[in-house]
Amino acid sequence: MIENVQNFTRCVFNYLSSPLLLHLSVCGMYVRMDSKTRKPFSPKGGKKFTQKVNDSKATRFGGKPSSKPGGKKPYKPFNSTEKKNKSWKPVDNGKKQNRFISSKTDGESQKRKKPPLKSKRGEEAEGPAAKKMKKGDFKPRMKEMTKEELKLNRQQRKKELKKNRQQMERKDMFEIICQAKKVWGTLRRKDCDTESKTKLMMELHDLIHGKVKQMAFAHDSVRVLQCFIQFGSHEQRRVVFEELKDDIIGLSKSQYGSHVVKKLLMYGNKELVATVMQCFKGQVRPMLRHAAASSIIEYAYNDKAVLAQRLMLTEELYGNTFAVCKSTVCNTIEKVMEGNPDKLNGIIDEMKQILTPMAQKEQVIKHSLVHKVFLDFFMFAPDKQRTDRKVIIKTMKTYMVKFATGEFGHLVLLAVFDCVDDTKLVKQAVLSEILSSLDEVITNKYGKKVLLYLLSPRDPAHLLPEIIRMLQQGDGNAHSKKDAAIRRKELLDVVSPALLDYLCNNAHTMVTDKATSVTVSDILASACGDLRPAMTAVAQLANHELVPGGTNNELHMAEHPAGHLVLKWLIEQDLTLAEAGKEERFSRILVDTVGTDILKSWVKANRGAMVLCSLLNSCDTSVAAEVKTALESIKSELSSIRNNKGAEILLENLNK
């Protein structure tokens, strides 16, 4: 019986200490394989039960000599609250760890314990402790550098990187370009005399000879070539051209090389210029559509080309039919059209196909060469193709401000105002865009002329006689049937409210600016509607006592170079308003706004006294009498004023 109990106990023990642990739970059955044995049960607060096992048996069932039996902890559900209360400990997930064996008398191995660390709350936590520097230990320090030194170092590193990169890219040319740039740096100086320039040019010629093409496309070496062409002789320029003659078109399209071609045209003699332009033959159309090359064609056409060369540059835009029909005698489009009237429609159709894509590119449409060809197209095109003005105006939409502020584009708008009977279309397509950007237009040299033309068309005070004669060519055309006065009145009704509002809101800026001060009198002379708010806004600027020399670096309006002229013009303009049947009088509004007491202070300044002279001669007799009565009281003061020509003239007017 005792032996059976011992055998049963031994079997139970062998089963519990084996690697295979069978665990049954309420949720199901779990079978887990592991190399560790279960830890012995230890109840809280109770006595620990230990069980001694022979080393041979423990080793056989997955344990280690003199260690705990193999196996893992029993399954335990995760409890988040319990984990928060416990300090963090690294868990050995069955991975091997390095162990340090310490020699002991019993020969047992132990893990090396790490020193405990204190957490922020003062609790002990596991982890490696930071190594403290002992006294006398060396601690390297970074050298403290100023911002200037750091910036200098960065710039030096950038230079070195750039130099290394260029050296890799240019290889054998690197040293030659460096030497050439040094010579160029001395050559371009203003203090370099003629003798030194000659020697440096010879040295530079020897350096770049045979290598011009390689230098023409780089942003730094191309400057050396530009300088060489500028200061070189005709023979030296010819040498440069001979090396580049096969690449003139490519250079013209290059961002940097185009400057070399322009320098050849700028400083070359007639023979060299003609040879360079001959390289453009057959390539004008693609060059015009290129941003860099189009500027070269424009410069050649406007500044360097003679008549024969201009014809050569423009003939490509006339089409193939023109090229077949032209000859040495009939070399212009006028002569070709006259000699071949049957070819008119074919030439016009080809011109239209060529010009249409050019008109859609802003970079191209601004060139005068293209303008010349467009002019020829409209001159010779049949009436059906050139009289649909609505289509032309509609295609100009969104670009009206650019037209208005352009040197030549603003003339197109003047012609539109003169010829187009559909004023509703002009209002919607042209004037709406201009009035929405009124500040930009009115302060522009050409935009101001567009607005003045709407107020007073063909006024010689604003337009040159040649421009007026050119605009007169459109008078009496078959397609403008509306009376010119009616057309002008309809356009004036559209722009007047916007101009009067702008004057009210920007009176000070317009009055004190020489460029826009003229516009003030034109607006108040010609605009339709109530002029009183705008006149009052101008008069309010003069509503304070005049101090000679101004206050806070600002002159009184009656003393301002532009302001006093505006006052004189508006006072003298009352006569024009009376003749036009308008009731407003600026002189009356000025006197009522400023008052006679403040007007007396204007005699202290020469320009102020001249404005008072204009008031004494006002067409409004009541204003003249009121001002004269006020000035009679300071007659003695006027006679005592010296070095004031305006006061002398004012005294003469009072004595009349």
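A crossing of two helices is called left-handed if the near helix is turned anticlockwise from the far one by less than a right angle, and right-handed if it is turned clockwise. In this predicted model, helix 37 passes helix 40 in a crossing of the left-handed kind. The contact draws on Asn606, Ala609, Met610, Leu612, Cys613 and Leu616 of helix 37, which meet Lys645, Gly646, Ala647, Ile649, Leu650, Asn653 and Leu654 of helix 40. Sorted by class, the contact of helix 37 with helix 40 comprises nine nonpolar, three polar and one charged residues.

Two packed helices are described by the angle between their axes and the distance between the axes. For helix 37 (residues 606-616) and helix 40 (residues 645-654), the axes come within 7 Å and cross at roughly 20 degrees. Since angles under 35 degrees count as roughly parallel, helix 37 and helix 40 are therefore roughly parallel to each other.

A second pair is formed by helix 25 (residues 423-436) and helix 29 (residues 484-505), which pack at an angle of about 30 degrees with their axes 11 Å apart. Helix 25 and helix 29 are therefore also described as roughly parallel to each other, and their crossing is right-handed. On the side of helix 25, the contact is made by Thr423, Val426, Lys427, Leu431 and Leu435, while helix 29 contributes Arg487, Glu490, Leu491, Val494, Val495 and Ala498. By class, the contact of helix 25 with helix 29 has seven nonpolar, one polar and three charged residues.

Turning from helices to loops, Thr398 is found between helix 22 (389-395) and helix 23 (400-404), and its phi is near 75 degrees, a positive value in a residue other than glycine. With a relative accessible area of 63%, Thr398 is exposed, because the cut-off for that class is over 50%. Asn553, in the loop between helix 32 (532-540) and helix 33 (563-572), likewise has a positive phi, of about 60 degrees, although it is not a glycine. The relative accessibility of Asn553 is 84%, so that Asn553 counts as exposed.

The cysteines can be considered last. A disulfide is a covalent bond between the sulfur atoms of two cysteines, and a search of the whole structure finds zero disulfides. Cys528, at 23% relative accessibility, counts as partly exposed, and Cys619, at 35% relative accessibility, is likewise partly exposed.

Key:
Residues numbered from 1 in each chain as written. Predicted model: local features only at pLDDT ≥ 70, side-chain atom pairs only at ≥ 80, totals over all residues. Heavy atoms only, no water. Axes fitted to C-alpha atoms, helices over the stretch in contact; angles between N-to-C directions. Helix = DSSP H or I, 4+ residues; strand = E, 2+ residues; numbered from the N terminus. Parallel < 35°, antiparallel > 145°, perpendicular 65-115°, else oblique. Contact = heavy atoms within 4.5 Å. Nonpolar A, V, L, I, M, F, W, Y, C, P; charged D, E, K, R; others polar. Disulfide = S-S within 2.5 Å. Buried < 20%, exposed > 50% of the residue type's maximum accessible area, 1.4 Å probe, protein only.
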